[in-house]
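Here's a quick tour for anyone opening this one up for the first time. Have a look at the sequence and the fold, then read on.

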Amino acid sequence: MESNGKCVDMDGQAVPFGTSPVVWGEAGTNGQHAYFQMLHQGTDVIPVEFIAVKHPTHAHADLHAKALANCLAQAQALMRGKTTEAAAAEKAPTASPTLDARTVARHRSFPGNRPSSMLLLDQLNPRSLGALIAMYEHRVFTSGAVWGINSFDQWGVELGKALASQLLPRITAAGVADVSGLDGSTAGLLARLKG
């Protein structure tokens, strides 16, 4: 994700498209309560990549089956969605009876046609995890090559490190914060840290 976060190509020309997808995730059903609402009904269409493990390496087969069922169900829900008509035909168990049924149905409808892909590992072990990491690393390199950007420079990170080396002496110095020459935001934060 970080490697392809570039706004210019290798010739220094502005890139007219996004080059870095945001990669984040969560194990099991925790993700459902963290960001799946946005994925299902949000205004941005965000491709989702599910990673599932066929055979668990633990003794909790019942929990593993539930996690797999939820994984498949989320992919299915993203694909199929739910029409307002289908939502109107259902009883919303948590909706107030004083709310207009058509309004509730619109809240409970989903556009569907949200892109997702599924990676299915036979088992999570050092070999399969290494292969998964290698696949993502290769995806970064290949994307950078196709887009004409250098996936291996880190100019933004370098800027942060240079600024940190200038701020560290101000943070570790005894006494009142020296905020001379700093922008207002950084000066205020430094004064708050030192106060």
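This is a predicted model: local features need pLDDT of at least 70, side-chain atom pairs count only at pLDDT 80 or more; totals for chains, interfaces and linings use all residues.

Residues are numbered from 1 along each chain as its sequence is written, and side-chain values use heavy atoms, with hydrogens and water left out.

**The core**
- Nine residues make up the largest nonpolar core: Tyr35, Phe36, Leu39, Val48, Phe50, Ala52, Cys71, Ala75 and Leu78. Such a core is a set of buried Ala, Val, Leu, Ile, Met, Phe, Trp, Tyr and Cys residues joined through side-chain atoms within 4.5 Å; buried means under 20% relative accessible area, exposed over 50%, partly exposed in between (1.4 Å probe, protein chains only).
- Helix H2 (36–41), strand S1 (48–55) and H3 each supply at least two residues of this core. Helices (H or I, at least four residues) and strands (E, at least two) are DSSP runs, numbered from the N terminus.
- Setting aside neighbours within four places in sequence, Cys71 is in contact (heavy atoms within 4.5 Å) with Phe50, Ala52 and Met118.

**Aromatic rings**
- You'll find five aromatic pairs here. Rings of Phe, Tyr and Trp (its six-membered ring) pair if their centres lie within 6.5 Å; planes under 30 degrees apart count as stacked, over 60 as edge-to-face and the rest as tilted.
- Tyr35 and Phe36 are stacked, at 5.7 Å centre to centre and 25° between the planes, and both Tyr35 and Phe36 are buried.
- Phe141 and Phe152 have ring centres 6.4 Å apart and planes at 35°, so this pair is tilted. Phe141 sits in helix H6 (residues 126–147) and Phe152 in the loop between H6 and helix H7 (155–172), so the pair ties together parts eleven residues apart in sequence.
- At 43% relative accessibility Phe141 is partly exposed, while Phe152, at 63%, is exposed.
- Ring pairs also link Trp24, Tyr35, Phe36 and Phe50 into a cluster.

**Two single residues**
- His64 is in helix H3 and is buried, with a relative accessible area of 13%.
- Gly81 lies in the loop between helix H3 (61–80) and H4, and its 24% relative accessibility makes it partly exposed.
- Gly81 and Arg114 are 33 residues apart in sequence, yet 8.3 Å apart in space, C-alpha to C-alpha.
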